[in-house]
Amino acid sequence: MGLLLRNWHLKLSAVLLATVLYTGLVFSGSFTDSSVQVRVEQVNVSRDVFVLSAEPGIVDVRYRVSNEQAGSVTADDFAVEVDLAAYDLERAPEPQELPLEWRSLKDGVEILEVVPESIRVEADRVEVRSVPVEVDSGAIPDGLEIEEPVLSHETAEVRGPASVASRVERAVAFVDIPASGINV
């Protein structure tokens, strides 16, 4: 009995270490690491904000899943979002790096890494303003005379990003007059 209890703490530690190593060996062959490309979605887009940058793009999502589920995982099983409420409109339309948020929509799928972790976004406030309307009748065919055009509206409303809308001076109505003068 004395031989069995001698150095009992070392013997117990050896059994525990063997159990941990065996468990790691068993589970190491049960999972697969893979990656998929996922489209980034914009969330919290205000009606008062105009996003100048193109689509947010696509990111690489690296994930781990059990071997039984490995063939059934698709890009639709992940949600990657950029929260546009984090964009600082005081600095608009300056490009800003916004962090991405991601989650797995399928049980048993663990996300290991998302590359890149942030994207560059350009946005601006929406501006609405009125500008005068002018008529451009173009080249008038020989033999035709036109009178001063009568406008149904003296002004037009311009709506768009403030950095662009502020540069609009007028709206021009182009009128094409054919040589016959019939279909104007």
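Reader: How many aromatic pairs does the structure hold?

Author: The structure holds one aromatic pair, formed by Tyr 63 and Phe 78. The model is predicted, so local features need pLDDT of at least 70 and side-chain atom pairs count only at pLDDT 80 or more, while totals for chains, interfaces and linings use all residues. Residues are numbered from 1 along each chain as its sequence is written, and side-chain values use heavy atoms, with hydrogens and water left out.

Reader: Why is the pair of Tyr 63 and Phe 78 called tilted?

Author: The ring centres are 5.3 Å apart and the planes make an angle of 45°. Rings of Phe, Tyr and Trp (its six-membered ring) pair if their centres lie within 6.5 Å; planes under 30 degrees apart are stacked, those over 60 are edge-to-face and the rest are tilted. The 5.3 Å and 45° of Tyr 63 and Phe 78 therefore make a tilted pair.

Reader: What makes this pair a tie between parts of the chain?

Author: Tyr 63 lies in strand E3 and Phe 78 in strand E4 (residues 78-83), so the pair ties together parts that are 15 residues apart in sequence. Strands here are DSSP runs of E with at least two residues, helices are runs of H or I with at least four, and both are numbered from the N terminus.

Reader: Are Tyr 63 and Phe 78 buried or exposed, and how do you know?

Author: Tyr 63 has a relative accessible area of 4%, and Phe 78 has 5%. Buried means under 20%, exposed over 50%, and partly exposed in between (1.4 Å probe, protein chains only). Tyr 63 is therefore buried, and so is Phe 78.

Reader: How do you know that strand E3 pairs with strands E1 and E6?

Author: Two strands pair if DSSP finds at least two bridges between them. Nine bridges join E1 (residues 31-43) to E3 (residues 58-66), and six join E3 to E6 (residues 109-115). E3 runs antiparallel to E1 and to E6. Arg 39 stands opposite Ile 58 of E3, while Asp 60 has Val 115 in E6 as its bridge partner.

Reader: Why is the contact of Asp 33 and Arg 64 called a salt bridge?

Author: Their side chains meet at 2.8 Å, N to O. A salt bridge is a side-chain nitrogen of Lys or Arg within 4 Å of a carboxyl oxygen of Asp or Glu, so the contact of Asp 33 and Arg 64 counts. Asp 33 is in E1 and Arg 64 in E3, 31 residues apart. Asp 33 also meets Arg 62, at 3.9 Å, and this pair is 29 residues apart. The count for the structure comes to nine salt bridges.

Reader: What makes Asp 33, Arg 62 and Arg 64 partly exposed?

Author: Their relative accessible areas are 40% for Asp 33, 36% for Arg 62 and 31% for Arg 64. Each value falls between the limits for buried and exposed, so each residue is partly exposed.

Reader: How do you know whether Glu 169 and Arg 170 are exposed or partly exposed?

Author: Glu 169 has a relative accessible area of 60% and is therefore exposed, whereas Arg 170, at 40%, counts as partly exposed. Their side chains meet in a salt bridge at 3.9 Å, N to O. Elsewhere, salt bridges that share partners join Asp 33, Arg 62, Arg 64 and Glu 113 into one network.
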